[in-house]
Structures are given as C-alpha cells and as structure tokens.
Amino acid sequence: MTEAVTPQQQPTVPPLPAPEAAVTPAEIRDAAAVTLAVGVSGVLLGLLWTWLAPRVQYVSNGEAVFLRNTESEARIGADGTFFLLALGLGVLSAVAVFLWRRRGGVPLVIGLAVGACFASLVGWRLGLWLSPGADVPAAAAKAGKGVPFDAPLQLLAYGVLLVWPMAAVAAHLGLTALWGPRDAVPEPWEGEYPPPHVHATPEPPRP
C-alpha cells in the first residue's frame, strides 16, 4: 500500500479589486451640463464681438457700394477681435470647468469641446445678426448718396471659430496635469513572488 500524499498548501492571494466602470452616469450628466453651459455662453462672445470689433464703412454713389477706405485694416481687425475674445473665453471656461470638477475625465473634456464649438457658432451668428447694416442695399439707400455707413461684421478667416474649443481643451488638460487629483499608489506586494511551490521539485511517491 502507498501512503496518501498530502498536497502542499497554496499561499493565500489577496483578491483583485473590482474594475471600475469606464464611464459612469454621473460623468455623462456632468459632460451634458458643461456642454449646455459653455454653449450658452456663446451669447457673451457675440455681444462682446459686436461691441468691440472695429467698424468697416461703406459709401454709395447711388449705383454701387464701395469701401470708404480701401486701406483700412478694420476688416482684419474684426477677425482679430473674435480671435482674442474666443481665446480668453476658452481659457475662462476651462478654468471654470476644472474648478467645478477637478477629477476631469474623458466625458468632461468632450463636453467642453462640443460646448465650445457650439459657443463659437452662436457668437459668430449672433454678432452677424446684431451688427448694423446687415442689409447693405437698404442701409445704403437709407444713408443716401455719398454718406458713409457701417458695414455688417464679417469673418474672413473661418479658422478662428476653432480657437475657443482648442484653447479650452488645451487649458483644461494643462490644469488637470498640474493640479488634478493623482491616482492612488498601489500597496507593495508583501508575499514572495513567485510562490515557493511554483518551482518546487515534486516529491516521488512513497512506497
């Protein structure tokens, strides 16, 4: 008869923590709130652009409308004003979102980017609507022959519409990298690795 071989006792391995959900419903709600709040703030961009942008003036000879000053840089100044306003509002919106939710997260950044794109479009269209002389022929007829009148606002470089979302995302990522919460450092393994039984030489069966 052979004696029963007692199996070696396996070391106790602590259970691994349960994996966290990639995106939680709370993060989706926060992202939607950020998209709505930042998008609505595009109204502020439109108001400031209408107020601060330099004016281009037209003059009519009774048959056609011409630029009053062909060497004026006001047309480029409207683009520059929009650029600077969008840049400043992009940084401000990123700071506000970071202070509200310091932990960040991919949904929050996506919500910030989408809201900033919508805000740029809202500010652009609102500025065009609020600018004087949107109907150039009617404004020329109202001003009269030889009398200068303000031209409507225009964007010559449509790339400035991307300034707000690019500035907001870049500023938010920078703030999160510098002052965002850090992941907890896992506790060091206290046991022996690999366990002794892994490379142990099996004992031959006893007769």
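**Element order.** I started with the order of elements: from the N terminus the protein runs α-α-β-β-α-α-α-β-α. That gives six helices and three strands. I'm keeping in mind that this is a predicted model.

**Whole-chain numbers.** Of the 207 residues in the protein, 31% are buried. I also checked how far apart in sequence the contacting residues sit. Among contacts with a separation of 6 or more, 82% are between residues 24 or more positions apart.

**α2 against α4.** How do α2 and α4 pack? For any such pair I want two numbers, the angle between the axes and the distance between them. Helix α2 covers residues 42–52 and helix α4 covers 106–130; their axes are 7 Å apart, at an angle of about 40 degrees. So α2 is oblique to α4. I noted the crossing of the two as right-handed. On the α2 side, the contact is made by G42, V43, L45, G46, L47, W49 and T50. On the α4 side I listed A119, S120, V122, G123, W124, L126, G127, L128 and L130. Sorted by class, this contact of α2 with α4 has 10 nonpolar residues, six polar ones and no charged ones.

**Buried side of α2.** Which residues of α2 are buried? I got G42, L45, G46, W49 and T50. They span an arc of only 125 degrees around the axis, so they lie on the same side of α2. Then I looked up what the buried residues of α2 pack against, and found α1 (25–40), α3 (74–100), α4 and α6.

**α1 against α3.** The axes of α1 and α3 come within 12 Å and cross at roughly 150 degrees. Therefore α1 counts as roughly antiparallel to α3. The crossing is right-handed here too. D30, A33, V34 and V38 of α1 meet S93, V97 and W100 of α3. By class, the residues of the α1 contact with α3 are five nonpolar, one polar and one charged.

**H172.** H172 is in helix α6, residues 163–179. Is H172 buried or exposed? Its relative accessible area is 2%, so H172 is buried. What is H172 in contact with, leaving aside its neighbours within four places in sequence? I found A94, V97, F98, G104, L108, V109 and L112. One of these, V97, also turned up on the α3 side of the contact with α1.

Technical notes. Residues are numbered from 1 along each chain as its sequence is written. This is a predicted model: local features need pLDDT of at least 70, side-chain atom pairs count only at pLDDT 80 or more; totals for chains, interfaces and linings use all residues. Side-chain values use heavy atoms; hydrogens and water are left out. Axes are lines fitted to C-alpha atoms, for helices over the stretch in contact, and angles run from 0 to 180 degrees between N-to-C directions. Helices (H or I, at least four residues) and strands (E, at least two) are DSSP runs, numbered from the N terminus. Angles under 35 degrees count as roughly parallel, over 145 as roughly antiparallel, 65 to 115 as roughly perpendicular and the rest as oblique. A crossing is left-handed if the near helix is turned anticlockwise from the far one by less than a right angle, and right-handed if clockwise. Contact means heavy atoms within 4.5 Å. Ala, Val, Leu, Ile, Met, Phe, Trp, Tyr, Cys and Pro count as nonpolar, Asp, Glu, Lys and Arg as charged, and the others, Gly among them, as polar. Buried means under 20% relative accessible area, exposed over 50%, partly exposed in between (1.4 Å probe, protein chains only). The arc is that of the directions from the helix axis to the C-beta atoms.
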